[in-house]
Amino acid sequence: MSTSNRNKGVLPTAPPDQFVGFWQRLYERIAPYVTSGLLVLIGIVVVIVGGWGLSVWREGKRERATEQLGRAIRIAEAELLPATEKDKEADDSDSDIPRFKTAKERSEGVLQAVGELDKNFGGTPAAQRATLLRAGALYDQGKYSEAEALYRQFLASKPSEQALIALAQEDIGLCAEARGELDAALAAFQTQQIGNFYRERSQWNQARIYAKKNDKKKAIEIYKDLLSKAAPQSALRDDVANRLAALEQ
């Protein structure tokens, strides 16, 4: 999945409210249809930054770790060079975020940045969350089993944020789905719904898997339930309606 309209520059050493604003703007650009592992993980960090970012900002080591995490995320969301520029060297004197010719180069850049963060600030909350970025980069490289192992490692670390837990479970499902293991994917997406968090995404994922398993009746049942309970402003409504119409033809 391609990225679009990325911010340029480094994560500013600005007051916490500006820090939170950066994440909010980022989240609004990528929610809610993203299914690429890396982009999903970029999006979910914003869910917890309000309660987490303000506390780490005041601590020197954690602040530096947070800045490195921000840099890794900005690398992950960096625009690829246009085709007309691919033969030129990327040089942006106003930013330490490199430009990349291919998605593969960009994911390698993410892995390098995360590796530096882990080396310098292992054990910090930022390093824990960077595990998700590393997993997402591996997912985008097609290394689904390696990515899933890291998602499970993250869950085993007992994170406290329900948003991160739910979406790490989603990414486990996406890894299984990418390998064609539909039963395992379905189980992961069902687990994602525990606690009624991300209920819509959980059901949306489940319906998609049931359709792939040729269980149209179950898929239609879930899509209809989603439409009946979804808020009028739900961004999933149009997609669900289109999928439902296709199944009922």
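Where is the place of N214? In this predicted model, N214 lies in the loop between α9 and α10 (216–229).

**Confidence**

The chain has a mean pLDDT of 75, with 69% of its residues at 70 or more. Among the elements of the chain, helix α6 (residues 144–156) has the highest mean pLDDT, 94, while helix α1 (residues 16–30) has the lowest, 43. Over residues 1–27 the pLDDT stays under 50, and the model has 62 contacts beyond four places in sequence for this stretch. Residues 89–94 are also below 50, and they have four contacts in the model beyond near neighbours in sequence. Where pLDDT is low, the predicted coordinates should not be read in detail.

| Pair | Angle | Axis separation |
|---|---|---|
| α5 (residues 125–140) and α6 | roughly 165° | within 8 Å |
| α7 (residues 162–178) and α9 (residues 199–212) | about 10° | 11 Å |

Take α5 and α6 to begin with. Their axes cross at roughly 165°, and an angle over 145° counts as roughly antiparallel, so α5 and α6 are roughly antiparallel to each other. The crossing of α5 past α6 is left-handed. On the α5 side, the contact uses Q128, T131, L132, R134, A135, G136, L138 and Y139, which meet Y144, E146, A147, L150, Y151, Q153 and F154 of α6. Sorted by class, this contact of α5 with α6 has nine nonpolar, four polar and two charged residues.

Now for α7 and α9, which pack at an angle of about 10°. That angle makes α7 roughly parallel to α9. Here too there is a left-handed crossing, of α7 past α9. L167, E170, L174 and E177 of α7 make the contact with R201, N205, R208, I209 and K212 of α9. The residues of this contact of α7 with α9 comprise five charged, three nonpolar and one polar.

**Two loop residues with positive phi**

Back to the loops, then. N214 has a phi near 65°, a positive value in a residue other than glycine. At 67% relative accessibility, N214 is exposed. K158 sits in the loop between α6 and α7. The phi of K158 is near 60°, again positive in a residue other than glycine. K158 is exposed as well, with a relative accessible area of 70%.

Definitions and conventions. Residues are numbered from 1 along each chain as its sequence is written. This is a predicted model: local features need pLDDT of at least 70, side-chain atom pairs count only at pLDDT 80 or more; totals for chains, interfaces and linings use all residues. Side-chain values use heavy atoms; hydrogens and water are left out. Axes are lines fitted to C-alpha atoms, for helices over the stretch in contact, and angles run from 0 to 180 degrees between N-to-C directions. Helices (H or I, at least four residues) and strands (E, at least two) are DSSP runs, numbered from the N terminus. Angles under 35 degrees count as roughly parallel, over 145 as roughly antiparallel, 65 to 115 as roughly perpendicular and the rest as oblique. A crossing is left-handed if the near helix is turned anticlockwise from the far one by less than a right angle, and right-handed if clockwise. Contact means heavy atoms within 4.5 Å. Ala, Val, Leu, Ile, Met, Phe, Trp, Tyr, Cys and Pro count as nonpolar, Asp, Glu, Lys and Arg as charged, and the others, Gly among them, as polar. pLDDT is the predictor's confidence in each residue, from 0 to 100. Buried means under 20% relative accessible area, exposed over 50%, partly exposed in between (1.4 Å probe, protein chains only).
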